Amino acid sequence: MKAVCATDLSAASEATIESETCLQCLGRIGIEEIHLVTVIPSNVYAGMPGIDFEKRRKRALKRYKKVITDHGFDVETHVVRGTPHRRINGIAETIGASLTIIGSRGKSPLENRVIGSTARNLSRSTTKPLLVNRIEREAEDPDVLRQHLFQRMLFATDFSDNAEQAFEWFTQLRHATKEAHLVHVQTPKDPGLPEDEDPEAELATLAGTLEDWGIETTYEVRSGDPSDEILAAEAEFEPTTTLVGSRGHSRLRRLLLGSVSEDIIVRANGNVLLVPPGQR
């Protein structure tokens, strides 16, 4: 399996790359080849005052490549110019990546508009599963918040086809996951299941599959706003990563109704693994 790891050469993205535990977790789920991608925005050029992208880029990428290679991965580097999320998506498509990884500090309104905009835009546009690795916000030398990426998983499902596809990611995660908590949020706007079907029974079936794989699993049905309830479940269960599917809403529908998966990526305390439509 191949992964794209997007870096803007910031301390946050460096924390993702240099976490030994995170790299070990990626190896456990079958990642063998990592492509480091850094995108220079089109409106940034080498001659700008105080900016020496060339030396900084080469120095950082050389260090990152050595760290990842020393952990047994094959590594390729890509330096491209353009719109970050578009170029990252393009490279992921070209190499046939199974996963795109990006570090994000999250939560701060300013960072959501500026630094966090690439993670947000990737969540809206990716055609590959996206792992948002949550980084400490305030520290000058930040670290990843939850290093054991897949050890404790929270899986949020509305029983849609895409949620089913997201659940299938446990076939890759089973060798790295020890505990899982499954949650379904009932809401009048999106009932998820026909009236004659029982969401607890559906969750019990999913839990049984994970238990058969040796993953200790609990589940619950909640009621209310999906984003708020999923985030409440995250706060209670404290997973290392929350797994959720994205329905791929059109831009217009997202503006009108909002996106649960995008909201979770922005507001979650821990890592988020987003699986877009069409992933099997």
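Keep in mind that the model is predicted. The structure holds nine salt bridges, and a few of them are picked out below.

**Strand β1 and its neighbours**

- Strand β2 (residues 33–40) pairs with β1 in the parallel sense, and five bridges connect them.
- To find one of these contacts, look at Ala6, whose bridge partner in β2 is Val37.
- Strand β1 also runs parallel to strand β4 (residues 99–104), to which four bridges join it.
- Here you can look for Cys5, which stands opposite Ile101 in β4.
- As background, side chains in a regular strand alternate between the two faces of the sheet.

**Glu262 and its two arginines**

- Side chains of opposite charge can pair when their charged atoms come close.
- Glu262 and Arg120 show this with a salt bridge between their side chains, at 2.7 Å from N to O.
- Because Glu262 lies in helix α12 (residues 260–267) and Arg120 in helix α6 (residues 117–125), this pair ties together parts that are 142 residues apart in sequence.
- Glu262 also meets the side chain of Arg124 in a salt bridge, at 3.0 Å from N to O.
- Arg124 lies in helix α6 and Glu262 in helix α12, so this pair ties together parts that are 138 residues apart in sequence.
- Glu262 is buried, with a relative accessible area of 9%, whereas Arg120 is partly exposed at 22% and Arg124 is partly exposed at 39%.

- Arg222 forms a salt bridge with Glu236, and their closest N and O atoms are 3.4 Å apart.
- This pair links distant parts of the chain, with Arg222 in strand β8 (residues 216–223) and Glu236 in helix α10 (residues 226–237), 14 residues apart.
- Arg222 is buried, with a relative accessible area of 12%, while Glu236 counts as exposed at 58% relative accessibility.
- Both residues belong to a network of salt bridges that links Glu220, Arg222, Glu229 and Glu236.

**A negative patch on the surface**

- Glu197, Asp198, Glu200 and Glu202 gather on the surface in a patch of negative charge.
- Glu197 is found in the loop between β7 (179–186) and α9 (199–212).

Note on methods. Residues are numbered from 1 along each chain as its sequence is written. This is a predicted model: local features need pLDDT of at least 70, side-chain atom pairs count only at pLDDT 80 or more; totals for chains, interfaces and linings use all residues. Side-chain values use heavy atoms; hydrogens and water are left out. Two strands pair if DSSP finds at least two bridges between them. Helices (H or I, at least four residues) and strands (E, at least two) are DSSP runs, numbered from the N terminus. Patches are made of residues with over 30% relative accessible area and no salt bridge: like charges are joined within 9 Å, nonpolar side chains (Val, Leu, Ile, Met, Phe, Trp, Tyr) within 5 Å. Accessible areas come from the Shrake-Rupley method with a 1.4 Å probe; for residues, only the protein chains shown count as cover. A salt bridge is a side-chain nitrogen of Lys or Arg within 4 Å of a carboxyl oxygen of Asp or Glu. Lys and Arg count as positive and Asp and Glu as negative; His and the chain ends are not counted. The place of a charge is taken as NZ of Lys, CZ of Arg, CG of Asp or CD of Glu. Buried means under 20% relative accessible area, exposed over 50%, partly exposed in between (1.4 Å probe, protein chains only).
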